[in-house]
Each structure stands twice: as C-alpha cells, then as structure tokens.
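Have a look at it first, and then we'll go through it piece by piece.

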Amino acid sequence: MKKYLWAAGLFLFVIAAAIAAMVIPNPLGAKVLAEAKYRGYLPYTTDEAVTIAYSRCSTCHSADKMLRYCARCGPPFIVVSHSMKKYVELMNQKGANTRPFSDAEIVAITQVWNGLVGNWETGWGAKNIKKLLQDDTALIRLLDTPLEGRPIELALKNKSAPGAHKE
Ligand code: HEC
C-alpha cells in the first residue's frame with residue numbers, strides 16, 4: 001500500500017511538472033518545449049507551425065517567394081522544402097551559421113505552405129517527387145501520408161495566407 005502511494009505521488013509530481021512547464025511563462029520552459037518540438041518529441045500546433053514557417057523561410061528572401069509560388073512555377077512545396085533544407089546545409093558547409101531544418105520542422109513547414117498556398121503533389125506523381133526528394137525519409141514519409149494524416153495541412157486546408165493566390 002505504501003509503495004503504491006509513493007508511485008502515485010511520483011506520477012502526480014511528473015504530471016504537475018509537465019503542466020507547469022507548459023503553462024508557466026518562464027523562458028527556460030519555453031526553450032525546452034521549443035527544443036522538444038524541433039526534435040519531434042512533441043508535435044507543433046498549427047499556430048506554431050505557421051509561425052516557424054514564416055520565420056524560418058523568410059531569412060534569405062521575403063515570404064512573397066512562398067506566397068507567389070504556384071503550380072506553374074515549379075515542383076510542389078514538398079520538393080522546395082527539401083531543396084531549401086539542402087541549401088542551408090550547403091551554405092553551412094561553406095561557413096554560414098543557419099540552424100539546419102530538423103525533420104519535424106520541415107514536415108510541419110511543408111504542411112503550412114501546402115495548406116496556405118497550395119498542394120499540387122498529385123499533379124507531379126509520387127514517383128517523380130520521390131526522385132527529387134532523394135534520401136529525405138521524413139519528407140518521403142509525409143508524401144506517403146494522405147491529408148487526413150497531416151493535421152497541420154488539414155487545419156489550414158480552407159485558409160489562405162494574405163498575399164497568396166491559392167491554387
Ligand atoms: C539559407 C537561405 C534560404 C532559406 C532559409 C530558404 N530559402 Fe528559399 N530560396 C533561397 C534561394 C537562394 C533561392 C533561389 C534564388 C531566389 O530565387 O532568390 C530560393 C528560392 C525559393 C523559392 C522560389 C523557387 C522557384 O523555383 O521559384 C521558393 C518557393 C522558396 N525559396 C521557398 C522557401 C521555403 C518554403 C523555405 C523554408 C522551408 C525557404 N525558401 C528557406 C534561399 C533560402
């Protein structure tokens with residue numbers, strides 16, 4: 001009985017600590033959470049995904065690049081995301097200091113632009129897209145996931161970003 005109470009106490013403490021980390025606006029808690037999401041331990045909410053999509057994708061060019069992008073312009077966002085991730089890696093090899101896109105981030109960000117600007121993956125065919133994605137297993141997994149399994153894209157499906165001409 002005593003052992004059981006101890007375990008119950010520990011359990012409650014862990015839950016309370018987790019809740020505290022989430023609701024108390026302390027910078028350390030926020031940082032720990034952001035890092036957990038970057039690493040894919042916790043999912044990004046739709047709002048957070050939109051925020052990181054704008055902030056992480058408009059460091060080199062304006063958000064207009066995404067908002068004006070279209071099915072006539074080139075391959076779907078899933079391919080663009082992959083190229084931008086690779087581009088950051090390349091620039092870092094050449095001495096730049098940009099935080100690499102994590103798998104969790106790039107998967108969330110791709111869903112945001114798909115949802116807000118457009119998704120023309122079907123027009124390109126999975127086989128062709130996979131060739132362009134090379135060894136990017138996280139994005140290949142996303143490609144194989146139907147809309148119902150893409151919570152962020154699903155939530156943004158009927159929205160459109162200011163300035164975008166949604167496809
Ligand atoms: C490290 C810098 C950098 C980051 C970060 C970056 N881009 Fe780019 N992006 C470029 C460069 C360089 C080009 C090509 C030159 C140009 O058109 O300005 C480009 C071009 C584009 C284009 C136009 C492609 C075309 O064919 O017309 C789109 C769309 C785009 N980026 C989307 C994104 C998205 C989405 C993200 C975030 C996942 C992102 N970019 C992050 C550097 C970056």
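## Starting at Gly-95

Let's begin with Gly-95, which is exposed because it has 6 other C-beta atoms within 10 Å. Here, 20 or more other C-beta atoms within 10 Å of a residue's own make it buried, 12 or fewer make it exposed, and anything in between is partly exposed, with C-beta atoms placed from the backbone. Gly-95 sits in the loop between helix 5 and helix 6. Its C-alpha atom is 29 Å from that of Leu-33, and the two are 62 residues apart along the chain.

A quick word on the ground rules. Keep in mind that this is a predicted model: local features need pLDDT of at least 70, side-chain atom pairs count only at pLDDT 80 or more, and totals for chains, interfaces and linings use all residues. Residues are numbered from 1 along each chain as its sequence is written.

## The whole protein

So what is the protein built from? It has 10 helices and zero strands. Both are DSSP runs numbered from the N terminus: helices are H or I with at least four residues, strands are E with at least two. The C-alpha atoms fill a box of roughly 70 × 40 × 35 Å along the principal axes. Of the 167 residues, 25% count as buried.

Contacts are counted when two residues have their C-beta atoms, placed from the backbone, within 7 Å. Among contacts with a separation of 6 or more, 77% join residues 24 or more positions apart.

## Two domains

The protein splits into domain 1 (1-42) and domain 2 (44-167), with bounds that come from an automatic or database domain assignment. Their C-alpha centres lie 31 Å apart. Four residues of domain 1 are in contact with five residues of domain 2. On the domain 1 side, the touching residues are one nonpolar, one polar and two charged. In this scheme Ala, Val, Leu, Ile, Met, Phe, Trp, Tyr, Cys and Pro are nonpolar, Asp, Glu, Lys and Arg are charged, and the others, Gly among them, are polar.

## Around the ligand

Which residues are closest to the ligand? Of the 19 that surround it, the closest are Cys-57, Cys-60, Tyr-69, Gly-74 and Met-84. Helix 5 gives the most, with six. By class, the shell has 12 nonpolar, five polar and two charged residues.

## Helix 3 meets helix 6

Helix 3 and helix 6 pack at about 100 degrees, with their axes 9 Å apart. That makes them roughly perpendicular, a label for angles of 65 to 115 degrees; under 35 is roughly parallel, over 145 roughly antiparallel, and the rest oblique. The axes are lines fitted to C-alpha atoms, for helices over the stretch in contact, and angles run from 0 to 180 degrees between N-to-C directions.

## Two more stops

Gln-134 is in the loop between helix 8 (126-133) and helix 9 (137-143). Its phi is near 50 degrees, a positive value in a residue other than glycine. Gln-134 counts as exposed because it has 11 C-beta neighbours inside 10 Å.

Lys-157 comes in the segment after helix 10 (151-156). With 15 other C-beta atoms within 10 Å, Lys-157 is partly exposed.

How values were computed
A residue is near a molecule or strand if its C-beta atom, placed from the backbone, lies within 6 Å of it.
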